[in-house]
Amino acid sequence: MSLPSLHFFIFAIVVFGANALQLDRLSARKNMLLAASYYFYMCWDWRFSALLLAVACINYFAALRIEGSRSDAARKRWLAFALVGCLGLLAYFKYANFFIESVATLLSRMGWHPELPLLNVLLPVGISFFSFQGISYTIDVYRRQQDATRDFRDFALYIAFFPTVLSGPITRGRQMLPQFTSPLPYTEERGLEGLYLIFRGLTKKLVFADTLALQIVNPAFSQSQDYSTSFLVIAVYAYSLQIYMDLSGYTDMARGVAKTLGFELPENFNRPYQATSVSNFWQRWHISMSGFFRDYLFFALGGSKYGNTYVNLLITFAAIGIWHGGAWNFIVYGLLHGLVVGLERLLRDRYKSWGLIYFVDNTIFPYFAAFLSLNFVAFSRVLFRSDDLDSALDFLAAMLTDQGETHLVPVLGLAALVISIALHYTPRDWDLKILARFRRSPAIVHSGVISGVALLLIAFSSGSATFVYFQF
Amino acid sequence: MSQQNNFPHGQTRTFSRASSNTWLQQDLSLASNPTRKPLRVLCWTICLLLALETVLQVRSHYRYGQSVLNAFSQETLYVTDALTGLKVLRPNHVFHGTEVDIRTNGLGLRSPSISSAKPADTLRVAVIGASTAQGAYARTNEDTFVYRLGKLLERSHPATHIEVINAGIAGYGLTEQRRMLEKIVLPLQPDIVIAYSGFNDFAEYCRDQTGETDGLPRARRVGLPLIEPPSWLLAIDVIRKNTVSLRSSATDKKPYRSAEALDLTPYKRKLDDFFEVAKRGNVKLVFATNARAFRRDQPEAEQLALSETARYYNPCFDLAGLHTLHDRHNAAILEATRRHGAHSVPLHDLIPGGRRYFVDANHFSDEGEKSAAEHLHRFLNRSSLLRDN
């Protein structure tokens, strides 16, 4: 069930109505939300609902055992059980073919040419997100940062909660489980803010992300040799905005739907292209994912206190890369970012001793650093967008040789690009003011705006059910 | 004296006993109706969208005599013929609007009544096809090229009693047209059958492109059934038909199918079947090629504008692909007519493109209807087909 679809619209209204009628009956409300979440997921593929249940069961029981165990060895055993279970599922569905192909390539370079069969499996949508939610909860219980819940229904709802199950945000148990136990008081403001977020997200996705993809990004990346350097450079920036509009649009919708039901999800983006460093970019981009890797991998490796910080950073960023998909281009992408974040750390620690104090303390430096960071992020995403390393190199070669004949960017694509940039760099309080004005206006004005946007979305909707991050 | 009330997640609120009643009242009124405004917004939104749909349905009813209400009043434009199983127009009916005036005969065709037995000394010509033959944008029956052809024939052959039957039904592909020929037209003993097959067969190329690629079966998602927007919802239809350019790219070739690489064997087989049925029915068959509004020699922006409906109905082809597809289909028609010893009229060459002759990508304007009738008439006059009867 695609979010921008009539089916989802009807589903959301039914769930909203049922939720509104049961605000005072918590148990019934949770039963309804759990059933709705499983129904939503089963619309994508009913067979994989068993995976949702499996992830819920593994982590629920492991967490209870961890909490109940007295010895550290037993706690570790149960943690390992949960990690192996969740990461095993993820490895089988997401990385098995990558490993088979990599082994086959390695063997063929050694002179052997075995025919290793690839698995004909579908990637269960959202598996990277809900399995990480399960893992984060179990690790939190292991670290004694959270109590294990006794209520399996609450935990199953946390794993399968339909606004987040497909593409995050990757929530923590301590963020969601208390809301299921004692929900926040439902307020009119939250409901209206939810509606605003839903339509803002839909507009980001259908009007901006899809138009940028169709008019600029997809042509440039599928036939890079046909395009001039200027077109390809614009495509690189357009892709950065496309992927931002895509995932932040989804997050807006997820947060909006959750708000209309009376729940709060964490923010996932904070104007990432205004970052003044690559490290700062990762604090603003897909915050729930980067936060997961920081808390559960980087810190587990020793962070900046134990071991070699730079090696820890490289491992963490390589993992971030591979989380996006089993392919070498993602790993190289992650390593590149890890390398630059490490360099920034080195610079931060040593700039005084290196005599860069005048340069770094200059008022222009933040702007220069923001410009540099933006360009590093945008151009490294050539690796992210390409199917493999070879395609990425082909794209860069086409960009450097300027052999293509197409120079002109389609007007519609250019308009989407310019407006996307303008929206990204508008002050944050403008958004808040619009939201406040939206909340204050009468119901009929809300409806007029929503109806108008809905019609605009029908015009722009390509009918595609997928968001970029559904493949991760 | 004050009291502290504990709220979930550490929120606390302090209030004095004196003001507690007011506070409680406010809080209760909020608590009892926190979903009222969001619900009201949703209701208003649904009402506004329904109002828009109602306006469009009323407009459609006013203009074309057709709306969703027809389904409830058993007045739909199309029905399934119980005997043949074919979709035909509702028999013996008048569909009246400001833009159209469709009168149907007892067979469910946009033609005057016709006797099942052909009277002596009568020349019967039947035109088989889809929406263009039916006259999708022809205001009255008399504006269709089929009717105009009849009038031209009457004028040029005053001594002969000529009946021209319009057997075009919107949405028909070649298979339905063959069945129309077999089940409805041939029993009327026509002397000449003219086929203007149209482009509905293109739709099959865009259906289900998933499944197998590189010869390897791909695993598929098995989801629960989804609710699709109903086809009668005009708001979606009107918006999407008029905004194809927003969803298509002139530069991106990847999402489109290659019209060059398409296997036309199934289409050619359908053509052969059609010719075989005509041969068995012992009728003289004239097959007209399909004309289109967008031409390669027009500026690209004009081609894109003129091809908008074709791109809407065939979203898996870009402009160049549609040109190729039209040309290949027309070439297949010409080749089949040669092979089967039938006659062909190259309407794709004879009728110029552009807005003057077409309302959209493929349907004739009034000028187009006139032009098609004249070209067919000219062909029939020059050929021996009329003399032989």
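This is a predicted model: local features need pLDDT of at least 70, side-chain atom pairs count only at pLDDT 80 or more; totals for chains, interfaces and linings use all residues.
Local features need pLDDT of at least 70, side-chain atom pairs count only at pLDDT 80 or more, and totals for chains, interfaces and linings use all residues. Side-chain values use heavy atoms, without hydrogens and water.

**Helix pair.** Helices here are DSSP runs (H or I, at least four residues), numbered from the N terminus. Helix α6 (residues 152-160) of chain A packs against helix α7 (residues 173-181) of chain A at about 130°, with the axes 10 Å apart. Axes are lines fitted to C-alpha atoms over the stretch in contact, and angles run from 0 to 180 degrees between N-to-C directions. α6(A) is therefore oblique to α7(A); under 35 degrees counts as roughly parallel, over 145 as roughly antiparallel, 65 to 115 as roughly perpendicular and the rest as oblique.

The residues in contact (heavy atoms within 4.5 Å) are these:

| Helix | Contact residues |
|---|---|
| α6(A) | Asp154(A), Phe155(A), Leu157(A), Tyr158(A) |
| α7(A) | Gly173(A), Met176(A), Leu177(A), Phe180(A), Thr181(A) |

**Interface.** Chain A contributes 59 residues to the contact and chain B 44 residues. The two chains bury about 4,500 Å², 70% of it on carbon and sulfur atoms. Buried area is the accessible area (1.4 Å probe) lost on being put together, summed over both parts. His7(A), Glu188(A) and Leu214(A) lose the most area in chain A, together 12% of what that side buries.

**Salt bridges.** The rule (a side-chain nitrogen of Lys or Arg within 4 Å of a carboxyl oxygen of Asp or Glu) gives 36 salt bridges over all chains. Arg150(A) pairs with Glu67(A), the closest N and O atoms being 2.5 Å apart. This pair links distant parts of the chain, 83 residues apart.

Conventions:
Residues are numbered from 1 along each chain as its sequence is written. Chains are lettered from A and ligands numbered from 1 in the order in which they are written. Helices (H or I, at least four residues) and strands (E, at least two) are DSSP runs, numbered from the N terminus.
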